[in-house]
Amino acid sequence: MNPRIAAPSLPAAVLFDMDGTLVDTERLWWAAVEQVADGIGRSLTDADMPHVLGRPAAYTAAYLHRTGGPATPGLASLAAELDAVFAARVAREIVPRPGVLRLLNELAVAGVSAAIVSASPRHVVDLVRTALGEGRFALTVAVEDTARTKPAPDPYLAAAAALGVEPHACVVVEDTPTGVAAAEAAGCVVLAVPSTVPIQPAANRTVLDSLERADLALLASLLTPAERN
């Protein structure tokens, strides 16, 4: 090996989306929204996915409020119901995604900070952090923690700032186009592992079908020499 060519170094931090990335909750969120929508006489279709997947309860509640029928309750009531139904499903049915626990353990052994960056409310994020092991995460960012949530870059910028690292030195692991847009707007390198909606490869974006294929070597390879300096 040419000694002037630096070996790949690990990311300064790995920032994980939560729902559909760390845990299998995208289906739980969809089921929760479907349950609430059924209650107001509205059936969900694939056309509703961009307004549900990767979105916080407040956004989806506003969407259902706009598109629901005359029996639709007030916006605050709708948001509270969505939140409560989703939290109950998470508490009962939370399941780590394949490869997640192994990758988190590898990061811990290597001394690489991991964080949860989610559009879900704080009490749901805390449920998931506890289920996966609180010690595996240096910090968590929930929807209440920033003025804007995904697809705005604010949550990922806040996580990087709290960890004391540059966004471009972080790898973000996401599963939805909304989350990918947020991470890329923050200047992070993205590892996309789609759970429901397809995501295409692009500059500074790698797509895998499962985190079972991700390891420390892959994470290191995602950062360009310029980003590692």
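These are my notebook entries on a few things I looked up in this predicted model.

**Entry 1: the two helices.** I started with how α1 (26-39) and α2 (57-67) sit against each other. Their axes come within 12 Å and cross at roughly 35°, and the crossing of α1 past α2 is right-handed. Next I looked up who touches whom: Trp29, Val33 and Ala37 of α1 meet Ala57, Thr60 and Leu64 of α2. I sorted the residues of this contact by type and got 5 nonpolar, 1 polar and no charged.

**Entry 2: aromatic rings.** How many aromatic pairs does a search of the whole structure find? I got 1. The partners are Trp29 and Phe86, with ring centres 5.2 Å apart and planes at 75°. I noted the pair as edge-to-face because that angle is over 60 degrees. Trp29 belongs to helix α1 and Phe86 to helix α3 (residues 75-93), so I checked the separation too: they are 57 residues apart, and the pair links distant parts of the chain. Both Trp29 and Phe86 are buried. Trp29 is also one of the α1 residues that meet α2.

**Entry 3: a charge over a ring.** I then turned to Tyr59 and found Arg55 lying over the face of its ring, at 4.1 Å from the ring centre.

**Entry 4: the loop.** Last, I picked Thr45, in the loop between α1 and α2. Is Thr45 buried, exposed or partly exposed? Its relative accessible area is 43%, so I put Thr45 down as partly exposed. I also looked up its spacing from Glu34: 11 residues in sequence, and 9.4 Å in space from C-alpha to C-alpha.

Technical notes:
Residues are numbered from 1 along each chain as its sequence is written. This is a predicted model: local features need pLDDT of at least 70, side-chain atom pairs count only at pLDDT 80 or more; totals for chains, interfaces and linings use all residues. Side-chain values use heavy atoms; hydrogens and water are left out. Helices (H or I, at least four residues) and strands (E, at least two) are DSSP runs, numbered from the N terminus. Buried means under 20% relative accessible area, exposed over 50%, partly exposed in between (1.4 Å probe, protein chains only). Axes are lines fitted to C-alpha atoms, for helices over the stretch in contact, and angles run from 0 to 180 degrees between N-to-C directions. A crossing is left-handed if the near helix is turned anticlockwise from the far one by less than a right angle, and right-handed if clockwise. Contact means heavy atoms within 4.5 Å. Ala, Val, Leu, Ile, Met, Phe, Trp, Tyr, Cys and Pro count as nonpolar, Asp, Glu, Lys and Arg as charged, and the others, Gly among them, as polar. Rings of Phe, Tyr and Trp (its six-membered ring) pair if their centres lie within 6.5 Å; planes under 30 degrees apart count as stacked, over 60 as edge-to-face and the rest as tilted. A charge sits over a ring if NZ of Lys or CZ of Arg is within 6 Å of the ring centre and within 35 degrees of the ring normal.
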